[in-house]
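Thank you for asking for a note on this structure. Please look through the sequence and the coordinates before reading the points below.

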Amino acid sequence: MKDMKIAPRFLLLILVLGFSLTSCKDNNRTLDVEERDLRLEEAESEEISEEIYRAKISSLNENVNEGRNVSGNVTLKIEGDELQITVEASGLEPNMQHLQHLHGMKNGTETTCPDAAADKNNDGVVDIIEATESAGITMIPFHGDPVNMEIKTHSYPKTDAEGNFTYSQTVDLDSLRSAFKNKFGWEELDFSKFTYMVHGVEEGALPNTAASVMDVPANVTVPVGCAKINKE
Ligand SMILES: [Cu+2]
């Protein structure tokens with residue numbers, strides 16, 4: 001009698017266990033397939049989004065930079081969701097922090113490096129304000145944390161005793177995109193629209209007529225190297 005009572009319950013238990021095991025198996029299989037598809041998608045999008053932008057730095061305002069020619073290279077490499085920024089620059093004022101940025105037009109139109117004709121007040125210097133007309137306004141800072149978009153910081157690269165610096169920074173592209181959209185409203189972050197500029201000469205090298213921005217001394221903001229960003 002005892003066995004007869006237990007048997008149906010035991011059967012039921014086996015049935016319930018059996019069902020739950022099967023559904024677990026199915027769930028796992030679905031997860032495996034989803035995960036595989038996700039990995040495939042990631043791999044595909046990484047392939048598509050690999051882009052390289054390169055630019056050669058040319059010299060500006062040599063007459064206030066002790067006759068030095070600023071030269072170097074800017075490389076922007078997009079790999080998946082990362083942007084790798086590399087700048088090698090030389091011919092700069094030694095032992096000095098040098099501001100460097102991507103400059104652009106608010107309306108997203110093309111930019112170029114300014115030439116001597118940009119010196120509207122004929123004081124022999126193309127200052128930061130005069131440079132704006134062709135190169136645009138200060139947009140993405142190349143310092144310790146480009147995503148924070150802060151322009152006035154002390155984390156820009158500093159030159160060695162020979163006037164060289166190497167700057168290298170990897171940033172999350174999505175974070176940069178949303179920070180940029182918040183500040184400037186561009187829907188697409190198109191690097192080929194930018195012009196790179198590196199700034200700074202020694203104190204006292206400029207005439208008083210050289211203008212500046214954001215209460216920063218003109219010798220800190222005067223452009224000395226420029227490079228139009230081009231997609232490779
Ligand atoms: Cu700049």
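The points that follow go from the chain as a whole to its core and then to particular loops.

1. This is a predicted model, and the mean pLDDT of the protein chain is 87, with 79% of its residues reaching 70 or more. Residues 10-25 should be read with care, for over this stretch the pLDDT is below 50, and beyond near neighbours in sequence the stretch makes 0 contacts in the model.

2. The protein chain contains 4 helices and 9 strands, and when these are read along the sequence they give the pattern α-β-β-β-β-α-β-β-α-β-α-β-β. Among contacts with a separation of 6 or more, 71% are between residues 24 or more positions apart. Of the 232 residues in the protein chain, 30% count as buried.

3. The largest nonpolar core has 39 residues, of which V74, Y196, V222, C226 and I229 touch the most other members. Elements that give two or more residues to this core include the strands β1 (51-59), β2 (71-79) and β3 (82-90), as well as α2 (128-135); β5 (137-141), β6 (165-172), β7 and β8 (223-228) also belong to that list. The largest share comes from β3, which supplies 4 residues. As for V74, when residues up to four places away in sequence are not counted, this residue touches A55, I57, V87, Y196, A227 and I229.

4. Just after α3 comes G185, which takes a positive phi of about 80 degrees.

5. The loop between β7 (195-199) and α4 (218-221) holds A211, and S212 lies in the loop between β7 and α4 as well. A211 counts as partly exposed because it has 16 C-beta neighbours inside 10 Å, and S212 counts as partly exposed because it has 17 such neighbours inside 10 Å.

6. N95, in the loop between β3 and β4 (100-104), has a positive phi of about 50 degrees although it is not a glycine. D215, in the loop between β7 and α4, has a positive phi of about 60 degrees and is likewise not a glycine.

7. Are N95 and D215 buried or exposed? N95 is exposed, because 12 other C-beta atoms lie within 10 Å, and a residue is counted as exposed at 12 or fewer. D215 counts as exposed because it has 6 C-beta neighbours inside 10 Å.

Methods: Residues numbered from 1 in each chain as written. Predicted model: local features only at pLDDT ≥ 70, side-chain atom pairs only at ≥ 80, totals over all residues. pLDDT = per-residue confidence, 0-100. Contact = placed C-beta atoms within 7 Å. Buried ≥ 20, exposed ≤ 12 C-beta atoms within 10 Å, placed from the backbone. Core = buried A, V, L, I, M, F, W, Y, C linked by C-beta atoms within 7 Å.
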